[in-house]
Amino acid sequence: MRTPLLPDLATTVLALERRYGVGGLRRGILTMLAGWIGYFLLINMFVRSLNKVMVPVLDLPLGFFLAMQGAVVIFVLALYFLAKQRAAIAAIRVRRSRRA
């Protein structure tokens with residue numbers, strides 16, 4: 001008889017969370033997602049008025065340009081801050097393990 005996958009998965013996830021502190025990662029990812037969604041909601045609310053302005057060198061509407069390039073910029077910034085947060089958490093863990 002096969003054992004169900006769900007209890008094994010739950011114990012694995014709990015073990016990983018205890019060992020690596022995935023809770024902080026979850027908070028960082030949710031913050032990153034909220035910032036990204038907030039940016040796009042803000043841009044999409046004003047996209048028609050922003051499209052009346054043209055970006056001089058590229059001859060693209062500003063709303064389109066912000067949506068296109070903003071996706072990349074917001075994503076890279078969010079990944080940077082997420083990695084910075086994870087590095088700080090890892091440094092704290094190293095200091096705690098040296099004390100023990």
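1. Burial and surface. Of the 100 residues in the protein chain of this predicted model, 12% count as buried. Buried stands for a relative accessible area under 20%, exposed for over 50%, and partly exposed for values in between, with a 1.4 Å probe and protein chains only. The chain exposes about 8,200 Å², of which carbon and sulfur atoms supply 71%. Accessible areas come from the Shrake-Rupley method with a 1.4 Å probe, and for residues only the protein chains shown count as cover.

2. Basis of the values. Residues are numbered from 1 along each chain as its sequence is written, and side-chain values use heavy atoms, with hydrogens and water left out. Because the model is predicted, local features need a pLDDT of at least 70 and side-chain atom pairs count only at pLDDT 80 or more, while totals for chains, interfaces and linings use all residues.

3. Confidence. The pLDDT, which is the predictor's confidence in each residue on a scale from 0 to 100, averages 80 over the protein chain. A score of at least 70 is reached by 87% of the residues. Among the elements, the lowest mean pLDDT, 71, belongs to helix 1 (residues 5–20), and the highest, 90, to strand 2 (residues 60–61).

4. Secondary structure. The protein chain contains four helices and two strands, and their pattern along the sequence reads α-α-α-β-β-α. Helices (H or I, at least four residues) and strands (E, at least two) are DSSP runs, numbered from the N terminus.

5. Contacts along the chain. Among contacts in the protein chain with a separation of 6 or more, 54% join residues 24 or more positions apart. A contact means heavy atoms within 4.5 Å.

6. Aromatic residues. Rings of Phe, Tyr and Trp (its six-membered ring) pair if their centres lie within 6.5 Å; planes under 30 degrees apart count as stacked, over 60 as edge-to-face and the rest as tilted. By this rule there are four aromatic pairs. One of them is the tilted pair of W36 and F40, at 6.1 Å centre to centre and with 45° between the planes. These two residues are four residues apart in helix 2 (residues 22–45), so about one helical turn separates W36 from F40. Both are partly exposed: W36 has a relative accessibility of 28%, and F40 has one of 23%. The rings of F40 and Y39 form an edge-to-face pair, because their centres are 5.4 Å apart and their planes stand at 75°. Y39 counts as buried, at 15% relative accessibility. W36, Y39, F40 and F75 make up one aromatic cluster.

7. L33 is found in helix 2 and is partly exposed, with a relative accessible area of 42%. Its C-alpha lies 9.2 Å from that of F75, although L33 and F75 are 42 residues apart in sequence. I29 also has its place in helix 2 and counts as partly exposed, at 38% relative accessibility.

8. A nonpolar patch. L30, which has its place in helix 2, belongs to a nonpolar surface patch of about 720 Å² together with L33, I37, L41, L42, M45 and F46. Patches are made of residues with over 30% relative accessible area and no salt bridge; like charges are joined within 9 Å, and nonpolar side chains (Val, Leu, Ile, Met, Phe, Trp, Tyr) within 5 Å. A salt bridge is a side-chain nitrogen of Lys or Arg within 4 Å of a carboxyl oxygen of Asp or Glu.

9. Residue G63. G63 has its place in helix 4 (residues 62–99) and is buried, with a relative accessible area of 0%. Leaving aside neighbours within four places in sequence, G63 is in contact with I43, V47, L50 and N51. From G63 to L50, 13 residues apart along the chain, the C-alpha separation is 4.7 Å.

10. Residue D59. D59 has its place in the loop between strand 1 (54–55) and strand 2. Although D59 is not a glycine, its phi is positive, at about 55°. D59 counts as exposed, with 55% relative accessibility.
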